[in-house]
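Please keep the structure in view while going through the numbered points.

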Amino acid sequence: MFRFFLLSFWGITSTAFAADRIAPPAQEARAYAAVDIHAEEKVAIAAEPCDTVQRCPFFREHYQEKEFFPIRIIITNDSDRTLTLDEVRVHFISSNNDRIPAATEMEVYRRLTVYRRSYRVVESNIALDFDQFGFRSTLIAPHSTVSGYLIYDLEGVKQPFSTGQIYVKQVMVFDKKGNRELFAFEIPLAKDVPPVSSTRKP
C-alpha cells in the first residue's frame, strides 16, 4: 500500500530550520508536460521528476547520486466532490513493465548511510525531507490542487525518464452514490509524449 508522509512532530519542529528549503509552488496539474487529464471525471494528475540534483536543490540529501529519484505528483480536483487517497497506489512503470512503488524512508536511509559515519545527520535530513515535501493530507477538496514528492528507487532502470511512466490507481471519490474508484491514470514522463486518453477502466 502506498504510504503517505503525514505532518508529524518532525514537520512541526523543523519549520524554523526549513526557511531555505522551499519547493516551488505547485501549479494546476494540466499546466505540466507529463499529465493525464480525465475530462469527464474533472480530475488531472501530473508528474514532475527531479532527474538531477540541480533541478530540485531544496532537498537536503542528493538522492539522485544513489539512484533514488524524487518525483512530484500533482493532483487537481476540478469536480464538486471530495477525493480521497487513502487507498491510492502510485507506481513507477519501467519500459520493461516493472512496477516500482515509492520507496520508504527506511529504504532510502539504508542506502544513503552505507560507508558513511554521519548517519545521524543523514537520518535527520531524510526524515525532514519526507515530512516537509511529502503529501500532508489524503483528502482533496473540490476545486483544489495538492502535491507531494515521492522517492523512487530506480537503480538499474535504463532511461527512466524517457521511457517510464507514473501509474496511479484507486483514487476514490465521495458522492451520492457512495465511494467509487476513478479510472486509473497513466502519465508518460517523456515530455514529447502526449497525455494518455482517459477511457480506461480502473
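1. A residue is called buried under 20% relative accessible area, exposed over 50%, and partly exposed in between, with a 1.4 Å probe and protein chains only. By this rule Glu67 is partly exposed, because its relative accessible area is 32%. Glu67 sits in the loop between strand 2 (43-49) and strand 3 (68-77). Its phi is near 65°, a positive value in a residue other than glycine.

2. The model is predicted, so local features need pLDDT of at least 70 and side-chain atom pairs count only at pLDDT 80 or more, whereas totals for chains, interfaces and linings use all residues. Residues are numbered from 1 along each chain as its sequence is written, and side-chain values use heavy atoms, with hydrogens and water left out.

3. The protein has four helices and twelve strands. Here helices (H or I, at least four residues) and strands (E, at least two) are DSSP runs, numbered from the N terminus. Of its 202 residues, 48% count as buried. A contact means heavy atoms within 4.5 Å. Among the contacts with a separation of 6 or more, 72% come from residues 24 or more positions apart.

4. A second residue with positive phi is His143, at about 55°, although it is not a glycine. His143 lies in the loop between strand 7 and strand 8. Is His143 buried or exposed? It is exposed, because its relative accessible area is 52%.

5. Strands of a sheet pair through backbone hydrogen bonds, either parallel or antiparallel. In this note two strands pair if DSSP finds at least two bridges between them. Strand 4 (residues 83-84) is joined to strand 7 by two bridges, and Leu83 has Ile140 as its bridge partner in strand 7.

6. At another place in this sheet, strand 10 (residues 172-175) and strand 11 pair in the antiparallel sense over four bridges. The two strands form a hairpin with two residues between them. The bridge partner of Asp175 in strand 11 is Gly178.

7. Strand 5 (residues 89-93) deserves attention. Four of its five residues are buried, so strand 5 is largely enclosed by the rest of the structure. Five bridges join strand 5 to strand 9 (residues 165-169), and these strands run antiparallel. Strand 5 also runs antiparallel to strand 6 (residues 99-101), to which three bridges join it. Phe92 illustrates both pairings: its bridge partner is Ile166 in strand 9 and Ile100 in strand 6. The hairpin of strand 5 and strand 6 has five residues between the strands, and there Asn97 takes a positive phi near 70°.

8. Tyr167 is found in strand 9. Why does Tyr167 count as buried? The reason is that its relative accessibility is 12%. Leaving out residues up to four places away in sequence, Tyr167 touches Arg89, Val90, His91, Ile93, Arg99, Ala184, Phe185 and Glu186.

9. In helix 2 (residues 105-112), Val108, Tyr109, Arg111 and Leu112 are buried. The buried residues of helix 2 pack against strand 3, helix 3 and strand 8. In helix 3, the buried residues include Val122, Asn125 and Phe133. The expected span of a helix is 1.5 Å times one less than its number of residues. The 15 residues of helix 3 should therefore span 21 Å, and its end C-alpha atoms are 21 Å apart, which agrees.

10. The last point concerns the largest pocket. On a 1 Å grid over the protein atoms alone, a pocket is an open set of points where a 1.4 Å probe fits, with protein on both sides within 12 Å along at least five of seven lines; lining residues have an atom within 4 Å of a point. Of its 17 lining residues, the closest to its centre are Arg72, Gln132, Phe133, Gly134 and Ser147. Helix 3 (119-133) and strand 8 (144-153) each supply at least two residues of this lining, and strand 8 gives the largest share, four residues.
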